[in-house]
Amino acid sequence: MPNLSPYHFITEKQSGREHLAADIAAFIDGFVKGRIPDYQMTAWMMAVYFKGMTSSETLALTEAMLRSGETVTHDSLLNPIVDKHSTGGVGDKITLILAPMLAALGLAVPTITGRGLAFTGGTTDKFNSIPGFRSEMNLDDFKHQVADIGLAFVSQSSSLAPADGRMYALRDVTGTVQSLPLIISSILCKKIAEGIQGIVFDVKCGSGAFMDRVPYARQLAEGLVHVGTSYGLDSVAVITRMDTPLGLAVGNWLEVIESVRYLRAETTPPDLHELTLSLGSALMQQVGAVKHANEARAKLEQVRDSGHAWERFQSAVERQGGDLRTLDTLEHPLKPQCKSGLEAPKDGIIHAMDAREIGFAAVDLHAGRRRVDDEIDPTAGIVLHRKTGDRVTKGDLILEVQAADQELCDQALQRARSAITIKEHQPTADPLIVEVVTPEGTMPAAQYFSA
Ligand code: URA
């Protein structure tokens with residue numbers, strides 16, 4: 001039977017009917033090969049946004065997007081091949097930290113990294129802030145680097161899941177990012193293409209996440225674990241709060257500095273540490289590298305404190321052309337021309353520091369993009385001196401912004417000011433790690449990690 005015409009395919013979804021897998025495959029193939037124009041793809045994605053997809057349609061879409069490019073195989077590797085994926089947050093530099101820790105423990109971590117989206121930062125942009133770093137490489141070099149040092153960070157290219165790159169660019173400008181089946185297929189097609197065996201998803205929820213409430217985050221987590229498992233990946237998702245930025249730095253080079261200082265055990269921001277250990281231990285347990293999460297936590301801490309993870313990070317950066325002297329001194333050759341501080345307007349306790357607004361303030365500074373082709377300023381960003389729950393006295397420095405000129409700093413400060421609420425009492429402390437989703441079911445984080 002011939003496939004539906006693009007027009008009928010779009011109207012089929014518009015009226016809420018279920019697609020055949022063959023029609024999904026033909027539509028994606030037609031788009032990648034240029035037979036289906038952007039406007040028809042956009043119309044279809046808008047129909048999906050409103051009408052959703054069944055889980056078999058989501059699987060078929062993931063498969064079609066995966067087939068749009070190549071799949072890496074790591075034939076010579078005996079170690080578990082794993083990755084971690086965050087659905088996007090503010091100040092989220094966990095990939096920079098956890099990937100070398102896992103590699104130093106003998107796991108192989110071939111990571112496809114993404115650019116920042118809207119108010120959320122992207123791992124590709126963070127690595128690209130290291131002078132000389134090349135995040136683009138061909139698949140052979142990618143495989144060799146993973147075989148040699150167990151760790152590589154490659155940005156998405158025309159060879160790996162190209163359908164996603166083009167669909168994502170359209171979603172970003174047409175209000176169709178926040179669709180569960182489109183997010184699930186977009187993430188999984190790239191992860192499966194990496195040739196991994198196990199994955200942990202950090203599904204963010206809160207003001208600084210695409211899913212603002214736990215039930216949505218849970219649906220996303222369950223969908224990711226379901227599709228991952230259907231592809232034979234050992235999959236686990238951890239739902240984590242993203243109401244306030246993670247760690248103390250927001251902005252690409254600033255986040256590299258914070259990651260390096262963490263890997264050198266010079267600093268241990270509690271939220272960063274807790275999340276790194278929780279994600280790492282959930283992953284190691286899921287792939288069978290340890291029996292209990294506690295065993296993994298101890299190993300992860302040990303590999304950081306011994307400096308082995310830091311060594312692994314440097315090896316990956318050096319292999320990808322990054323300047324190790326800059327990493328060593330943490331002195332970037334480019335300097336922000338302007339720095340301004342935000343002081344507490346009154347005594348009290350920081351009740352909220354809205355992650356989304358802080359993320360947008362970083363975009364104001366040019367640490368992120370407003371338009372797809374905007375240039376990033378690598379050293380622009382925000383350093384937090386206080387966080388939610390901290391007591392402040394009038395005049396205390398809460399945060400500092402840095403950028404290329406005063407106007408940008410002023411604009412970002414104004415936004416950051418509106419992100420911060422000071423009250424006389426402590427906010428209710430939501431746990432950072434909310435729930436864990438495995439193929440067997442969903443459970444509160446405390447229960448999962450104590451089992
Ligand atoms: N990250 C992705 O890779 N894709 C999405 O759709 C959302 C977050």
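Rings of Phe, Tyr and Trp (its six-membered ring) form a pair if their centres lie within 6.5 Å; planes under 30 degrees apart count as stacked, over 60 as edge-to-face and the rest as tilted. The model is predicted: local features need pLDDT of at least 70, side-chain atom pairs count only at pLDDT 80 or more, and totals for chains, interfaces and linings use all residues. Residues are numbered from 1 along each chain as its sequence is written, and side-chain values use heavy atoms, with hydrogens and water left out.

**Exercise 1. Ring pairs**

Task: state which residues the ring pairs link into a cluster, and classify the pair formed by Phe127 and Phe133.

Solution. 
- Step 1. The cluster linked by ring pairs consists of Phe127, Phe133, Phe153, Trp310 and Phe313.
- Step 2. The structure holds 11 aromatic pairs. In the pair of Phe127 and Phe133, the centres are 4.9 Å apart with 20° between the planes, and the pair is stacked.
- Step 3. Buried means under 20% relative accessible area, exposed over 50%, and partly exposed in between (1.4 Å probe, protein chains only). Phe127 has 1% relative accessibility and therefore counts as buried; Phe133, at 8%, is buried.
- Step 4. For Tyr448 and Phe449, the ring centres lie 4.9 Å apart and the planes stand at 85°, so this pair is edge-to-face. Tyr448 and Phe449 are both buried.

**Exercise 2. The surroundings of Phe313**

Task: locate Phe313 in its helix and list its contacts beyond four places in sequence.

Solution. 
- Step 1. Helices (H or I, at least four residues) and strands (E, at least two) are DSSP runs, numbered from the N terminus. Phe313 belongs to helix H14, residues 308-319.
- Step 2. Its relative accessible area is 0%, so Phe313 is buried.
- Step 3. Contact means heavy atoms within 4.5 Å. Apart from neighbours within four places in sequence, Phe313 is in contact with Leu96, Pro100, Phe127, Leu151, Val260, Leu263 and Leu327.
- Step 4. Between Phe313 and Ala104 there are 209 residues of separation in sequence, and the C-alpha to C-alpha distance is 9.0 Å.

**Exercise 3. Thr42**

Task: determine where Thr42 is found and what its side chain lies 2.7 Å from.

Solution. 
- Step 1. Thr42 is part of helix H3, residues 38-51. With a relative accessibility of 18%, Thr42 counts as buried.
- Step 2. A polar atom of the Thr42 side chain lies 2.7 Å from the backbone oxygen of Asp38.
- Step 3. Setting aside residues up to four places away in sequence, Thr42 touches Leu170 and Thr174.

**Exercise 4. The ligand**

Task: identify the residues around the ligand and the helix that gives the most to the shell.

Solution. 
- Step 1. A residue is near a molecule if one of its heavy atoms lies within 4 Å of it. Around the ligand are Tyr168, Arg171, Ile183, Ser186, Ile187 and Lys190.
- Step 2. A side-chain N or O atom of Arg171 is 2.9 Å from an oxygen atom of the ligand. For Ser186, a side-chain N or O atom is 2.6 Å from a ligand nitrogen atom. A polar side-chain atom of Lys190 lies 2.5 Å from an oxygen atom of the ligand.
- Step 3. Helix H8 (162-174) and helix H9 (180-193) are the elements giving two or more residues to the shell. H9 gives the most, with four residues.

Key:
Polar contact = N/O pair within 3.5 Å; in protein donor to acceptor, adjacent residues only side chain to side chain.
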